[in-house]
Amino acid sequence: MLTLACSGSTSAPSTLVCSAARLDDLGLQPGAGVCWATDGLTLGDAVTISMRGAVTTSSVVLARPVGAEALRDGVTALDERLRACGRKGSFFPDETVSPFAHELHRRLEAGRSVARRRRHGWARQDSEELCASLLGLGVGLTPSGDDYLVGFLTAHLANEGTASRVGELARVAAETAPSMTNAISAAAVLAASRGRARQELSVVVHAALDGDAARLGTSLEALLALGSTSGTDMTVGVLDALHTMLDLKEW
């Protein structure tokens with residue numbers, strides 16, 4: 001699956017950024033056919049996007065060593081900024097929202113508790129329990145539970161001390177996402193399970209693992225701006241992953 005984005009968009013797994021200022025300018029209709037060739041992409045009957053001279057970027061999140069002091073600093077900075085700037089919604093419900101929103105929040109918190117109670121490594125049963133409690137949970141194009149899991153996986157796969165220990169969780173997420181959530185969100189979960197993430201997320205994860213509060217402040221703003229609450233939901237997943245690393249001394 002490929003995502004077509006307008007000019008100025010940031011890099012993300014399987015995303016093609018074209019020169020059009022707005023996708024509406026391309027005049028595409030729902031259900032337009034797509035033809036992929038070696039030198040370009042044809043959309044519908046008349047839109048051709050040339051691939052000649054195209055620049056490719058890697059969305060692979062490289063694992064790196066993590067120090068205990070840097071990790072503590074990263075957790076403190078991320079926690080403070082998320083509490084101050086996180087968007088109201090699934091993980092931070094407004095007191096005036098509907099009973100549905102409160103029930104959604106309760107179920108998301110139950111999923112978080114599964115993630116946070118883990119000990120070293122992820123067994124098959126624990127991985128299945130976490131995926132069953134989060135995948136497809138929420139509203140919108142990418143449900144909050146999916147976004148949380150994307151952030152949680154990405155953070156663990158970026159830390160040399162934990163990357164090899166979440167292999168089973170990554171496998172279970174990739175196996176079960178297609179049947180538990182929509183195709184677009186499942187593609188994001190699959191990318192995360194393979195250690196691939198959009199630019200806004202990977203920058204925040206590495207800044208937090210490095211304990212770089214200044215870089216975290218500027219990069220988190222861009223991540224939190226994603227979607228309605230998607231950026232916030234991913235950040236909650238990252239923060240919970242960092243907390244488990246601290247609790248288990250995984251650095």
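Modeller: This is a predicted model. Let us begin with charge. The chain carries 23 positive and 28 negative side chains. The centres of these two sets lie 3 Å apart.

T229 sits in the loop between α8 (213-224) and α9 (230-247). Is T229 buried or exposed? Its relative accessible area is 12%. Buried means under 20%, so T229 counts as buried. Which residues does T229 touch, leaving aside those up to four places away in sequence? They are K88, G89, S90 and S144.

Helix α4 covers residues 144-157. It has 14 residues, and at 1.5 Å a residue they should span 20 Å. The end C-alpha atoms of α4 are 20 Å apart, so the two values agree. In α4, 14 of the 14 residues are buried, so the helix is largely enclosed by the rest of the structure.

Now step back to the chain. It has nine helices and five strands. Along the sequence, the pattern reads β-β-β-β-β-α-α-α-α-α-α-α-α-α. The radius of gyration is 19 Å, close to the 18 Å from the globule rule for 251 residues, so the chain is as compact as a globular protein of that length. Its C-alpha trace spans about 55 × 40 × 35 Å along the principal axes. Of the 251 residues, 45% count as buried. Take contacts between residues at least 6 apart in sequence: 65% of them join residues at least 24 apart.

Definitions and conventions. Residues are numbered from 1 along each chain as its sequence is written. This is a predicted model: local features need pLDDT of at least 70, side-chain atom pairs count only at pLDDT 80 or more; totals for chains, interfaces and linings use all residues. Side-chain values use heavy atoms; hydrogens and water are left out. Helices (H or I, at least four residues) and strands (E, at least two) are DSSP runs, numbered from the N terminus. Buried means under 20% relative accessible area, exposed over 50%, partly exposed in between (1.4 Å probe, protein chains only). Contact means heavy atoms within 4.5 Å. The expected span of a helix is 1.5 Å times one less than its number of residues. The radius of gyration is taken over C-alpha atoms; the globule rule is 2.2 Å times the number of residues to the power 0.38. Lys and Arg count as positive and Asp and Glu as negative; His and the chain ends are not counted. The place of a charge is taken as NZ of Lys, CZ of Arg, CG of Asp or CD of Glu.
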